[in-house]
Amino acid sequence: MVMVAAMAVASLAGCGNSSSDTTEKSAAENTSATESTEPTSETGEGPSCQGALEGVTLAIGTSGTYAPFSFFDADGVTLTGYDVDMLKELQAILGFEVEGGNYQDMDYQPLGTALGQGQLDVGAAALCATDERKKSMNFSKTYYDAGLKVIVAEDNDKITGVEDLKSGDYTVAVQSGTLAYEYATGEGALPESCLQVYDSQALAYKAVENGQADATIYDVPGTAYSISTGEIHLKMVGDEFYTGQAPYAIAFSFDICEEYPDIIDQFNEAIDYLTENGTMDELKAKWCE
């Protein structure tokens with residue numbers, strides 16, 4: 001019997017989803033790239049897209065609700081995270097300006113709406129390039145592929161990976177509307193009788209910590225960050241699985257793509273450059289490991 005804490009699924013939630021209220025907040029992050037982010041190469045030159053968007057001002061949105069990709073620092077007003085650092089690096093290469101000097105922070109549903117209506121030009125918030133989203137916005141190439149892992153209590157030595165959960169001997173907490181929920185309920189991956197469904201991952205974590213569930217499954221970077229910061233006292237076990245299903249990409253409004261037809265190619269080239277020069281690996285090590 002599935003225990004349903006809440007089944008309200010936000011159709012435009014990010015891959016990791018968010019338990020925050022759907023409200024907009026003012027971002028105070030200054031997005032000006034510093035000299036230290038100026039791209040270089042072995043020849044002393046940047047990529048061919050260097051400065052391709054100089055003189056272009058973009059309205060850029062993100063979400064401060066999904067660590068470690070985009071969230072508020074301890075001061076409560078400064079946006080930080082993987083996506084924020086990546087945007088600064090891309091700005092240093094492409095040369096665009098950010099409208100108002102700050103990223104616009106909002107939860108996933110209004111972020112998707114703003115992109116679909118052309119109120120925002122660009123969105124970077126661990127957004128999955130799903131077929132549904134592609135109906136209302138365009139996407140860059142994938143910059144991060146987040147797989148899933150099993151999470152258990154620190155003293156749990158019986159569960160060693162996802163194969164153990166398939167036996168039906170253990171209760172598994174999952175958040176509705178997430179990639180983990182999609183996996184757990186799809187094609188009989190896990191027995192329905194062992195699932196406990198919650199409306200936030202925080203509640204799923206808490207269920208495991210309190211012994212109400214034996215395990216939960218969630219994306220690796222979000223869980224690794226929560227463990228490393230002491231937000232949860234759990235551990236990940238087994239191999240990463242269900243990879244290739246959560247392609248994080250930068251979103252673009254149809255309007256900005258019509259105004260600047262090469263903008264996605266330019267961002268893609270900059271992403272390739274940051275991948276080749278090791279910057280993306282550095283961001284992954286900093287925020288997601």
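I started with the surface: the protein's accessible area is about 12,900 Å², and carbon and sulfur atoms hold 43% of that. These areas come from the Shrake-Rupley method with a 1.4 Å probe, and for residues only the protein chains shown count as cover.

Housekeeping before I go on. The model is predicted, so I take local features only at pLDDT of at least 70 and side-chain atom pairs only at pLDDT 80 or more, while totals for chains, interfaces and linings use all residues. Residues are numbered from 1 along each chain as its sequence is written, and side-chain values use heavy atoms, with hydrogens and water left out.

**Overall**

I looked up the secondary structure and got nine helices and 17 strands (DSSP runs numbered from the N terminus; helices are H or I with at least four residues, strands are E with at least two). Of the 289 residues, 52% are buried (under 20% relative accessible area, 1.4 Å probe, protein chains only; exposed is over 50%, partly exposed in between). I then checked contacts (heavy atoms within 4.5 Å): among those with a separation of 6 or more, 77% are between residues 24 or more positions apart.

**Rings**

Next I went through the aromatic pairs (Phe, Tyr or Trp rings, Trp by its six-membered ring, with centres within 6.5 Å; planes under 30 degrees apart are stacked, over 60 edge-to-face, the rest tilted). I have 14 of them. Y82 and Y143 count as stacked because their planes are at 20 degrees, with the ring centres 6.0 Å apart. This pair ties helix α1 (residues 82-94), which holds Y82, to strand β11 (residues 138-145), which holds Y143, across 61 residues of chain. Y82 is buried at 1% relative accessibility, and Y143 is buried too, at 8%.

I also looked at F96 and F267, a stacked pair with 5.7 Å between centres and 20 degrees between planes. F96 sits in the loop between α1 and β8, F267 in helix α8 (residues 263-276), and 171 residues separate them. Both are buried: F96 has a relative accessible area of 1%, F267 of 0%.

Which residues do ring pairs link into a cluster? I noted Y66, F69, Y82, Y143, Y144 and Y248.

**Helix α6**

Last stop was α6 (residues 220-228), where seven of nine residues are buried. Those are V220, P221, G222, T223, A224, Y225 and S226. At its start, I found a side-chain oxygen of D219 within 2.8 Å of the backbone nitrogen of G222. Just after α6, G230 has a positive phi of about 80 degrees.

Note on methods:
Polar contact = N/O pair within 3.5 Å; in protein donor to acceptor, adjacent residues only side chain to side chain.
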